[in-house]
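Please keep the sequence and coordinates at hand while reading.

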Amino acid sequence: MTSSDKAENASAAPAGHTGVAARNWAQASADPHYRAAVVDLLGALAYGELAAFERLAEDAKLAPTLADKAELAKMASAEFHHFERLRSRLTGIGEEPTAAMEPFVAALDGFHRQTAPSDWLEGLVKAYVGDSIASDFYREVAARLDADTRELVLSVLDDTGHAGFAVEKVRAAIDADPRVGGRLALWARRLMGEALSQSQRVVADRDALSTMLVGGVADGFDLAEVGKMFSRITEAHTKRMAALGLAA
């Protein structure tokens, strides 16, 4: 996934934490509710990475130069490697990967249908903005996961290089034609709204995952913390928009 500016305090277990975040998978997974939440999380991530691979391969067709096409192909390959790691992890804990991913297909496919880019620049902004919002959300959740699962989740959220690539190309396009900036700013705001709505739908549909977020499974989250989480995600989005040369 793509992310350059990470939501603060989301990439490690909270200081002094003694709950789930201080345990390993063998210890934490003894709780069936926690196990179900992690299977949901890994399933959602795995399908997200598979969809990202497909989208980058499609975006490569819109690339204006052969060098750009090759760069996107390399990023697509990195996304597929992330998918393979998540699929292997699901298999390793005794879960069927397709079954774990299936509940999230409709929501993620719906998001991509609603936000299909009309050109090369919109595709770059979508990958940079949309994927980064999702990555920030998953990093927030990762801070409350067991150590083994947290390490895997954070590693597959590593930037594949798309962030810097997108910023360079979008800023160059705006410099060449400032009118492009207004169109892309509107597009990015739409992506922000759709991405947050999609995240909320996914969580609302999965009891174990929603319970994790409000503190019933992995301690450390409450409703006030959820509000702060979305504030951090919004702040990180504003910084990314500035990096692109766009108004949030």
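**Overall composition**

The model is a predicted one. Its secondary structure consists of 11 helices and 0 strands, giving the pattern α-α-α-α-α-α-α-α-α-α-α along the sequence. The protein has 248 residues, of which 52% are buried. The exposed surface comes to about 10600 Å², and carbon and sulfur atoms supply 54% of that area. Among contacts between residues at least 6 apart in sequence, 82% join residues at least 24 apart.

**Helices H6 and H9**

Two packed helices are described by the angle between their axes and the distance between the axes. For helix H6 (residues 120-142) and helix H9 (residues 179-205), the axes come within 9 Å and cross at roughly 35 degrees. The crossing of H6 and H9 is right-handed. On the H6 side the contact is formed by Leu 121, Glu 122, Val 125, Lys 126, Val 129, Ile 133 and Phe 137. The H9 side contributes Val 180, Arg 183, Leu 184, Trp 187, Ala 188, Leu 191, Met 192, Ala 195, Leu 196 and Val 203. Sorted by class, this contact of H6 with H9 has 14 nonpolar, no polar and 3 charged residues. An α-helix has 3.6 residues a turn, so residues three or four places apart point the same way.

**His 237**

Which helix holds His 237? His 237 lies in helix H11 (residues 223-244). His 237 has a relative accessibility of 5%, so it counts as buried, the cut-off being under 20%. Leaving out residues up to four places away in sequence, His 237 touches Val 129, Ile 133, Ala 188 and Met 192. Val 129 and Ile 133 belong to the H6 side of the contact described above, and Ala 188 and Met 192 to the H9 side.

**Phe 104 and helix H5**

Phe 104 is placed in the loop between H4 and H5. The relative accessible area of Phe 104 is 1%, and it is therefore buried. Apart from residues up to four places away in sequence, Phe 104 touches Asp 40, Gly 43, Ala 44, Tyr 47, Val 202 and Arg 206.

Helix H5 (residues 105-114) has the buried residues Val 105, Ala 107, Leu 108, Gly 110, Phe 111 and His 112. These buried residues pack against helix H2 (32-60), helix H4 (97-101), H6 and H9.

**Aromatic pairs**

A pair of aromatic rings is described by the distance of the centres and the angle of the planes. The whole structure contains 5 aromatic pairs. Two of them are tabulated here.

| Pair | Centre to centre | Angle between planes | Class |
|---|---|---|---|
| Trp 25 and Tyr 34 | 6.3 Å | 45 degrees | tilted |
| Phe 137 and Tyr 138 | 5.6 Å | 65 degrees | edge-to-face |

Trp 25 and Tyr 34 are both buried. Phe 137 counts as buried because its relative accessibility is 7%, and Tyr 138, with a relative accessible area of 11%, is buried. Phe 137 is also among the H6 residues that meet H9. Elsewhere, ring pairs link Phe 53, Phe 80 and Phe 83 into a cluster.

Definitions and conventions:
Residues are numbered from 1 along each chain as its sequence is written. This is a predicted model: local features need pLDDT of at least 70, side-chain atom pairs count only at pLDDT 80 or more; totals for chains, interfaces and linings use all residues. Side-chain values use heavy atoms; hydrogens and water are left out. Axes are lines fitted to C-alpha atoms, for helices over the stretch in contact, and angles run from 0 to 180 degrees between N-to-C directions. Helices (H or I, at least four residues) and strands (E, at least two) are DSSP runs, numbered from the N terminus. A crossing is left-handed if the near helix is turned anticlockwise from the far one by less than a right angle, and right-handed if clockwise. Contact means heavy atoms within 4.5 Å. Ala, Val, Leu, Ile, Met, Phe, Trp, Tyr, Cys and Pro count as nonpolar, Asp, Glu, Lys and Arg as charged, and the others, Gly among them, as polar. Buried means under 20% relative accessible area, exposed over 50%, partly exposed in between (1.4 Å probe, protein chains only). Rings of Phe, Tyr and Trp (its six-membered ring) pair if their centres lie within 6.5 Å; planes under 30 degrees apart count as stacked, over 60 as edge-to-face and the rest as tilted. Accessible areas come from the Shrake-Rupley method with a 1.4 Å probe; for residues, only the protein chains shown count as cover.
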